[in-house]
Amino acid sequence: MSVEQRSASKAGKAGEGSGLKKIVAASMVGTVVEWYEFFLYATAATLVFGKYFFPSTGNELDGIIQAFITYAVGFVARPLGGIVFGQIGDKLGRKPTLQLTIVIVGVSTFLMGCLPGFMDIGYWAPAMLVALRFIQGFALGGEWGGAVLLVAEHSPNKSRGFWSSWPQAAVPVGNLLATLVLFVMSSTLSSEAFLGWGWRVAFWLSAVIVFVGYYIRTHVTEAPIFLEAKAQVEESKAISYGVGEVIRKYPKGILQAMGLRFAENIMYYLVVSFAIVYLKSVHKYDTSSLLLALLIAHVIHFLVIPQVGRLVDSWGRKPVYLVGAITGATWPFFAFPMFDTKNAVIIVLAVTIGLCLHAFMYAGQPAIMSELFPTRMRYSGVSLGSQVTSIFAGSLAPLLATQWLKDTGSWVPTAIYLVVACAITVVAVISLKETKGIALQDVDQADAIRHGLTTASKG
């Protein structure tokens, strides 16, 4: 039996028993922890940081814009983290990389909750906030790729879209927890107490939950296909791996991954971050009501993502993604008029629809991206494609939208921005080959033949 056949057999057995479910659970729990901390910053940047870490200018939006600039720092750091941890993950394994990233994110987030404000130490306050945000983003840059690949490389070929969508579903859970903690604190404390110390509690809680995620990740195993690829790299100097190799050999795959990520990343942060800014600054909507709306929307987003993952396996990768990209472009044109009604039910509906449309792009990403690259450089390729894009997409989206709102008083420029982003993603999807049901062993074999790596087919 060949290496590829043995690996396929082992992966199939893992998928048939409880092994795959344990892998999914471990990946999800760690991802919940890390994204809880990352999105906690996003929500706090909107509600707290603009007032606490920056001097007052008399315009509330100025503080929010400054906070979003520090928020963007984390996105700038993510590609660097993707490069470093992608290299480590392709060489040493997915498991040790994920253990390291969760500790770094946890420590940096806890320390954010300890920072003094601008009134206490002046500009040292935002400077320290930026430094910790950079460290947080650096670690998260290596988190996503490892978490989704740990599942994708264990999954059966016919259901990879479904199983690998579960780590994606963990993202709204992390956001849900962050929003829930802030909701409880903001609804039970006075505005002065919430701004003074209440928001810190959510950051300090990361010290507790990070231990849970780390412990669970100590019990996961590497996928057989990765262990075999690692052994082949170690045996033959002709086989290389990591960041440099994927840039040289698969530049098209990286560009396609970036194109897939572009509209999805922009849309998500418009829905969960800029929507809060718009409702709070334009309509003076109550903070607790905003957080409650997001709580409801995150729950539904969590439930929808795995179901879209099933569609990715049955309909195909490309059709499902195109549905998300095309319908996502329409969202701002009906969502902002719905926000303008100031009706709580309609506002929840607008946010929820946005996240459901987003799920049609988000759920299939792990399967599609894992099928773009061979195992020996998959972590690096997936991390680069997803994290580099975040600099030009998610980091800028709420910042640009808030600036346009300040300059024009209108949501229309933001709507046009999302339409352009969705058009770019549509082009990227069209350029893909349909890979529904493909074996990752076949991806490795095609790579071996293409680059003359005869050891890949060794029996």
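Colleague: Before I dig in, what are the ground rules here?
Modeller: It's a predicted model, where local features need pLDDT of at least 70, side-chain atom pairs count only at pLDDT 80 or more, and totals for chains, interfaces and linings use all residues. Residues are numbered from 1 along each chain as its sequence is written, and side-chain values use heavy atoms, with hydrogens and water left out.

Colleague: Ok, helix 13 and helix 17: at what angle do they cross?
Modeller: Roughly 165 degrees, and the axes of helix 13 (residues 251-282) and helix 17 come within 9 Å. Helices here are DSSP runs (H or I, at least four residues), numbered from the N terminus. Axes are lines fitted to C-alpha atoms, for helices over the stretch in contact, and angles run from 0 to 180 degrees between N-to-C directions.

Colleague: So what do you call that arrangement of helix 13 and helix 17?
Modeller: Roughly antiparallel, therefore. Angles under 35 degrees count as roughly parallel, over 145 as roughly antiparallel, 65 to 115 as roughly perpendicular and the rest as oblique.

Colleague: Who's touching whom between helix 13 and helix 17?
Modeller: On helix 13, the residues include Arg261, Glu264, Met267 and Tyr268, and they meet a set in helix 17 that includes Ile347, Val351, His358 and Met361. Contact means heavy atoms within 4.5 Å. The residues of that contact between helix 13 and helix 17 divide into 12 nonpolar, two polar and two charged. For those classes, Ala, Val, Leu, Ile, Met, Phe, Trp, Tyr, Cys and Pro count as nonpolar, Asp, Glu, Lys and Arg as charged, and the others, Gly among them, as polar.

Colleague: And helix 21, how does helix 13 sit against that?
Modeller: Their axes come within 7 Å and cross at roughly 150 degrees, helix 21 being residues 412-431. Helix 13 and helix 21 are therefore roughly antiparallel too. Among the residues in that contact are Leu260, Phe262, Ile266 and Phe274 of helix 13, and Tyr417, Leu418, Cys422 and Val429 of helix 21. The contact of helix 13 with helix 21 splits into 14 nonpolar, five polar and no charged.

Colleague: What about helix 12 and helix 19, what's their angle?
Modeller: About 70 degrees, with the axes of helix 12 (residues 242-249) and helix 19 (residues 378-392) 8 Å apart. Helix 12 and helix 19 are therefore roughly perpendicular. Gly242, Val243, Val246 and Ile247 of helix 12 make the contact with Ser380, Gly381 and Leu384 of helix 19. That gives four nonpolar, three polar and no charged residues.

Technical notes:
Helices (H or I, at least four residues) and strands (E, at least two) are DSSP runs, numbered from the N terminus.
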